[in-house]
There are 2 protein chains.
Amino acid sequence: MKKKSIKDIAQDLGVSKTTVSFVLNKKGDEKNISKKTQKLILDYIKEVNYQPNQIAKSLKNGTTNTIGYLVPDISNPFYAKIGRIIEDLLWEMGYHLLIGSTDEKKEKEELLLNMFANRQVDGLVIASCFISSDALESLAKQNFPMVFFDREDPAVSANYILVENKAPMKEAIQRTIDKGAKKIGLLSITPDVYSLKLRIDGYKQALIDNGLEQDESLLRIVDNNQIKESAQKELKYLIEAGVDVIVFTNNQITATAIWLMNMLYPEKVDEITFVSFDNLDIFDYSRPKVISIAQPIDNIAKQSVNILEEVIRTKVSKNTRIELKPKLIER
Amino acid sequence: MKKKSIKDIAQDLGVSKTTVSFVLNKKGDEKNISKKTQKLILDYIKEVNYQPNQIAKSLKNGTTNTIGYLVPDISNPFYAKIGRIIEDLLWEMGYHLLIGSTDEKKEKEELLLNMFANRQVDGLVIASCFISSDALESLAKQNFPMVFFDREDPAVSANYILVENKAPMKEAIQRTIDKGAKKIGLLSITPDVYSLKLRIDGYKQALIDNGLEQDESLLRIVDNNQIKESAQKELKYLIEAGVDVIVFTNNQITATAIWLMNMLYPEKVDEITFVSFDNLDIFDYSRPKVISIAQPIDNIAKQSVNILEEVIRTKVSKNTRIELKPKLIER
DNA sequence: ATGAAAGCGCTAACAG
DNA sequence: CTGTTAGCGCTTTCAT
């Protein structure tokens with residue numbers, strides 16, 4: 001039993017494709033198709049379990065009801081969770097998610113971007129490191145519905161769903177200072193993304209505001225290409241420098257550091273406090289103690305979908321920039 | 001500058017659509033298109049940045065170069081990681097991933113399944129709880145390329161990529177017995193999936209083989225609808241029963257239990273050993289100590305893609321059943 | 001109340 | 001060496 005098309009159905013029933021199409025799209029009454037014919041068709045549809053070919057529909061309509069979700073790595077819990085929520089929200093609206101991981105590689109991002117556009121996704125939710133790339137610019141010029149989250153290129157105006165970086169980071173560090181922290185180090189992956197720079201600014205500001213020593217050597221940058229090895233070295237530096245607090249700019253580096261601490265300095269896990277931008281469930285019980293800045297994942301997803309839906313519907317992009325407030329979790 | 005189609009290009013250049021199409025598909029030489037015409041077209045293509053409409057291509061060819069990835073929850077690290085690897089492997093082959101989370105809901109799974117099929121995905125990688133559902137049966141009957149992983153319905157023959165359950169579970173528990181464990185409890189989510197049953201069988205077998213007391217009350221099942229509350233109650237039971245080892249049937253319940261232990265029984269974290277089917281990175285340094293059975297994620301992904309590719313290419317499904325060996329991680 | 005026919009963008013067999 | 005044409009499955013205008 002091969003798949004039936006509208007044409008087959010029409011032939012089998014001795015009616016025209018048009019009639020079938022009208023009935024299928026619930027325009028039977030509107031188009032004055034007799035009740036009898038409608039029932040005939042509907043019954044047959046069920047009987048043969050007719051499934052419309054969405055590709056043909058898409059070609060005709062110019063829409064696919066598919067949204068592209070482009071992130072550095074879909075297996076990163078942050079992107080996976082947001083992806084999941086977006087998937088659910090879109091599902092309600094009859095949309096599907098096509099995913100792509102860019103690995104923060106420009107070339108891959110551009111290829112994926114083009115593939116997505118060619119595949120006629122109706123819109124794009126994207127965490128890009130290369131917002132000013134040719135591919136994105138060209139899409140922007142075509143007024144392609146897009147919303148950017150997590151990352152921003154301040155030089156490019158677009159729809160952004162972001163989270164405050166500097167102030168919350170400063171505030172979190174302030175808590176540790178209030179509790180007596182004196183020597184505060186920072187460990188970050190290479191801040192080639194704007195938001196990471198802002199988080200580091202928050203760190204610096206906290207030190208300045210409290211008149212703490214501005215020791216540039218306590219600001220350690222990890223080599224992204226060999227995170228574990230490099231983090232180990234930098235962590236060692238900070239530990240030996242005698243810091244009582246270490247600040248991290250994202251959850252990945254925090255998790256790595258927790259692991260390293262437990263492996264290499266188990267005797268020190270209760271002497272040091274971690275501050276992490278981005279939360280992870282394990283922070284609830286991991287040692288060292290972690291004060292974290294939790295991004296409002298639900299809200300990021302919700303706003304992204306909202307804006308995207310609006311742009312698709314109205315066909316006008318207003319370059320909305322939304323900055324959400326993260327939540328400080330003390331432990 | 002709106003998007004150009006092949007027709008536009010042909011008109012602009014005063015050649016026919018066919019010629020353009022041939023050149024685009026690198027059949028220029030084969031079809032004896034003059035070098036000059038080829039260059040003319042290729043140059044123009046670049047100039048206007050022509051992007052072929054994949055939807056039209058798909059309609060014509062009957063293939064979309066898209067694979068559906070259907071899992072209970074894409075934000076679960078296990079599925080997210082496998083998804084990521086599959087994405088990469090497929091990318092090499094020119095395929096893309098359409099994702100769907102079923103939430104283990106039959107209705108949602110069937111809807112997604114149909115949507116995917118209608119959208120003409122070329123194949124499906126799926127971790128389903130309802131392998132014997134109508135929707136799946138109907139696809140199977142149409143010889144639709146599918147490969148199942150993680151979960152099996154022994155009553156349905158299909159392409160399965162699985163991991164051994166019973167023996168590894170038994171073996172992991174054996175290690176704890178060798179080290180002196182006497183009273184071994186088990187905590188599991190409701191084992192409505194076949195593999196969970198096998199894991200529990202492994203637990204029982206380990207007890208039998210070692211002549212340990214078969215106390216059915218030490219086998220605690222958590223209510224899936226309120227995991228945290230239920231797990232807390234069951235964990236309490238086991239702790240009070242004085243177990244020295246607790247066995248878990250998947251990583252989710254292990255993670256929950258680790259969290260609960262640290263929250264509620266911090267004084268006991270070093271007195272009890274956990275055995276977990278499924279590994280998580282945090283087990284490296286979490287307390288209680290966790291002996292885990294790590295699923296070979298890379299291999300699962302690789303084999304799934306292999307089989308799927310073969311089925312798509314040969315158009316014949318051989319109902320291959322591959323059982324991979326997990327890796328015991330002692331800590 | 002229903003049908004014929006054009007067309008979405010692309011491919012490819014067939015004709016010159 | 002290149003062009004004409006039919007057709008993938010669907011929608012929709014216009015005609016009857």
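**Exercise 1. The lining of the second largest cavity**

Task: In this predicted model, determine how the lining of the second largest cavity divides by class, and which parts of chain A supply it.

Solution. 
- Step 1. Sort the lining by class: 4 residues are nonpolar, 3 are polar and 5 are charged.
- Step 2. Identify the residues. Among them are the charged residues Asp150(A), Glu152(A), Arg199(A), Arg321(A) and Glu323(A). The lining also includes Leu162(A), Val163(A), Tyr194(A) and Leu198(A).
- Step 3. Assign the elements. Strand E5 (160-163), helix H9 (194-209) and strand E11 (321-324) of chain A each give two or more residues. The greatest contribution, 4 residues, comes from H9(A).
- Step 4. Assign the domains. Domain 2 (64-163 + 298-325) and domain 3 (166-294) of chain A each provide at least three residues of this lining.
- Step 5. State the volume: the second largest cavity holds about 90 Å³ of space.

**Exercise 2. The largest cavity**

Task: State how many cavities of 30 Å³ or more the structure holds, and describe the largest cavity.

Solution. 
- Step 1. The count of cavities of 30 Å³ or more is 11.
- Step 2. The largest cavity has a volume of about 200 Å³. It is lined by 17 residues, of which Ile55(A), Thr66(A), Arg119(A), Ile55(B) and Arg119(B) are the closest to its centre.
- Step 3. Helix H4 (54-61) of chain A and helix H4 (54-61) of chain B each contribute at least two residues to this lining.
- Step 4. By class, the lining of the largest cavity has 6 nonpolar, 9 polar and 2 charged residues.

**Exercise 3. The length of helix H6(A)**

Task: Examine whether the span of helix H6 (residues 106-118) of chain A agrees with its number of residues, and name its buried residues.

Solution. 
- Step 1. Buried in H6(A) are Lys108(A), Glu109(A), Leu112(A), Leu113(A), Phe116(A), Ala117(A) and Asn118(A).
- Step 2. After the helix comes Gln120(A), with a positive phi near 60 degrees.

Methods
Residues are numbered from 1 along each chain as its sequence is written. Chains are lettered from A and ligands numbered from 1 in the order in which they are written. This is a predicted model: local features need pLDDT of at least 70, side-chain atom pairs count only at pLDDT 80 or more; totals for chains, interfaces and linings use all residues. Side-chain values use heavy atoms; hydrogens and water are left out. The expected span of a helix is 1.5 Å times one less than its number of residues. Buried means under 20% relative accessible area, exposed over 50%, partly exposed in between (1.4 Å probe, protein chains only). On a 1 Å grid over the protein atoms alone, a cavity is a set of points where a 1.4 Å probe fits but cannot get out, and a pocket is an open set with protein on both sides within 12 Å along at least five of seven lines; lining residues have an atom within 4 Å of a point. Grid points are joined across faces, edges and corners, and a volume is the space filled by probe spheres set on the points. Domain bounds come from an automatic or database domain assignment.
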